[in-house]
Amino acid sequence: GEVSNSEKYLLGIDATKEFHNYRFEYSEAKVRFYVDDKFIEEFDSGIPKGEMPLMVNCWYPEWRGLDPVAEERELTIDWIKY
């Protein structure tokens, strides 16, 4: 596919310190994004219409300027609802 929507946000939270709820609501008309139930962004164009995989991952960006990340890294997912 081709990227048609892309945004970057400073969320005002340290995602490494505690559990956070990340959510998106998808329909054929729009996709809405939330963090800890706070609305962040909505896209109403460039929305995929066909089947697609859901990929969940995490990253540890160097730009955070904190101590290097330990060799072992972990992503805990409490639940995914479809």
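Phenylalanine 24 counts as partly exposed, because its relative accessibility is 47%; the term covers values between buried, under 20% relative accessible area, and exposed, over 50%, with a 1.4 Å probe and protein chains only. The model is predicted, so local features need pLDDT of at least 70 and side-chain atom pairs count only at pLDDT 80 or more, while totals for chains, interfaces and linings use all residues. Residues are numbered from 1 along each chain as its sequence is written, and side-chain values use heavy atoms, with hydrogens and water left out.

Let me turn to the aromatic rings. A search of the whole structure finds three aromatic pairs. Rings of Phe, Tyr and Trp (its six-membered ring) pair if their centres lie within 6.5 Å; planes under 30 degrees apart count as stacked, over 60 as edge-to-face and the rest as tilted. Phenylalanine 24 and phenylalanine 33 form a tilted pair, because their planes stand at 35°, with the ring centres 6.4 Å apart. Phenylalanine 33 is itself partly exposed, at 32% relative accessibility. With phenylalanine 43, phenylalanine 33 forms an edge-to-face pair, 5.9 Å centre to centre and 70° between the planes. This second pair links distant parts of the chain, since phenylalanine 33 belongs to strand β2 and phenylalanine 43 to strand β3, ten residues apart. Strands here are DSSP runs (E, at least two residues), numbered from the N terminus. Is phenylalanine 43 buried or exposed? Phenylalanine 43 is buried, at a relative accessible area of 15%.

Next, the surface. Which residues make the nonpolar surface patch of about 840 Å²? They are Phe24, Tyr26, Phe33, Met52, Leu54, Val56, Leu75, Ile77 and Ile80. Patch members have over 30% relative accessible area and no salt bridge; like charges are joined within 9 Å, and nonpolar side chains (Val, Leu, Ile, Met, Phe, Trp, Tyr) within 5 Å. A salt bridge is a side-chain nitrogen of Lys or Arg within 4 Å of a carboxyl oxygen of Asp or Glu. Areas come from the Shrake-Rupley method with a 1.4 Å probe, and for residues only the protein chains shown count as cover. Leucine 75, one of the patch residues, lies in the segment after β3 and is partly exposed, at 40%.

Finally, the backbone. Most residues other than glycine have a negative phi. Aspartate 36, in the loop between β2 (31–35) and β3 (38–43), has a positive phi near 50°. Aspartate 37, also in the loop between β2 and β3, has a positive phi near 65°. Aspartate 36 is partly exposed, at 36%, and aspartate 37 is exposed, at 53%.

Methods: Helices (H or I, at least four residues) and strands (E, at least two) are DSSP runs, numbered from the N terminus.
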